[in-house]
Amino acid sequence: SVIQTEGDPDKVRNIFVRINSTGAPLTDGEILNAKYLKTPLFEQIRDFAADRKIAARLMRMGVVNDSKKNRRADVLILAEIIMSRVKDGLLDKKRALDEMLNEKAKRLTIRDVKPHLTSVAKAIEWAERIWQSDGRDGLKFSESRFKKTSDFYSLVVLLSSYIDSKFITDNREANRYAKRELLRIDNELRRYRVKVQCGESVKAV
């Protein structure tokens, strides 16, 4: 049997939990995928996530694995990135993404979204290429903090905005410099996290 419901993701999740007492709970990606299954805008985002090159890069970079992909984690993170670019700013919460799709799904067209698909694809490619441009430190993207969903989201939103602003270059030396800067940020954040976990006082920079 099929049960249809309307409302915010929490309502959908609660109904699913009541019915699915023995199975795994729905992920945010699965709820988003089900809720906007038939909207042309979200269909475009799903097709983007299914693109062979995009899917392979996300796997190589360690952003998703087979299990996460099967549960639509790739669709969720890409939807958040793309809609952030449409909004021209970071989204605060997953609920903000849902609200934005609710508000704009009927008004936005594929023509509105397509330029952002191009810049996001280039940003993901460039992020991977930064790590390939200099193998001396031996650190892979999948071993950096940027493979984490929140950090990957922020990085790709930033890089795609740079691409739109014509700041991104194909210069090999510039890529090496960019990688060194990202590694420096990665190391600083790691040290900060260790200090916080150890209860040490830290200064805001």
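Me: Which residue forms a salt bridge with Arg71, and how far apart are the closest N and O atoms?

Reply: This is a predicted model, and the reading applies to it as such. A salt bridge is called when a side-chain nitrogen of Lys or Arg is within 4 Å of a carboxyl oxygen of Asp or Glu. Here the partner of Arg71 is Glu30, with the closest N and O atoms 2.7 Å apart. Arg71 sits in the loop between helix H5 (66-70) and helix H6 (73-87), while Glu30 belongs to helix H2 (residues 28-35), so the pair ties together parts that are 41 residues apart in sequence.

Me: Is Glu30 buried or exposed?

Reply: Residues under 20% relative accessible area are called buried, those over 50% exposed, and those in between partly exposed. Glu30 has 19% relative accessibility and therefore counts as buried. Arg71, at 25%, counts as partly exposed.

Me: Which side chain meets Asp74 in a salt bridge?

Reply: Asp74 pairs with Lys69, at 3.1 Å from N to O. Asp74 counts as buried, at 5% relative accessibility. Lys69 has a relative accessible area of 28% and is partly exposed.

Me: How many residues apart in helix H8 are Arg129 and Glu125?

Reply: Arg129 and Glu125 are four residues apart in helix H8 (residues 110-132), which means a separation of about one helical turn. Their side chains meet in a salt bridge of 3.8 Å, N to O. Arg129 is partly exposed at 25% relative accessibility, and Glu125 is also partly exposed, with a relative accessible area of 31%.

Me: Which residues are linked with Glu125 and Arg129 in a network of salt bridges?

Reply: Bridges that share residues can be read together as a network. In this one, Arg57, Arg60 and Glu128 are linked with Glu125 and Arg129.

Me: How many salt bridges does a search of the whole structure find?

Reply: The search finds eight salt bridges. Among them are Arg71 with Glu30 and Asp74 with Lys69.

Me: Which residues form a positive surface patch?

Reply: A patch is read from residues with over 30% relative accessible area and no salt bridge, like charges being joined within 9 Å. Lys68, Lys147, Lys148 and Arg193 form the positive patch here.

Me: Where is Arg193 placed?

Reply: Arg193 lies in helix H10 (residues 172-197). With a relative accessible area of 30%, Arg193 is partly exposed.

Key: Residues are numbered from 1 along each chain as its sequence is written. This is a predicted model: local features need pLDDT of at least 70, side-chain atom pairs count only at pLDDT 80 or more; totals for chains, interfaces and linings use all residues. Side-chain values use heavy atoms; hydrogens and water are left out. Patches are made of residues with over 30% relative accessible area and no salt bridge: like charges are joined within 9 Å, nonpolar side chains (Val, Leu, Ile, Met, Phe, Trp, Tyr) within 5 Å. Accessible areas come from the Shrake-Rupley method with a 1.4 Å probe; for residues, only the protein chains shown count as cover. Lys and Arg count as positive and Asp and Glu as negative; His and the chain ends are not counted. The place of a charge is taken as NZ of Lys, CZ of Arg, CG of Asp or CD of Glu. Helices (H or I, at least four residues) and strands (E, at least two) are DSSP runs, numbered from the N terminus. Buried means under 20% relative accessible area, exposed over 50%, partly exposed in between (1.4 Å probe, protein chains only).
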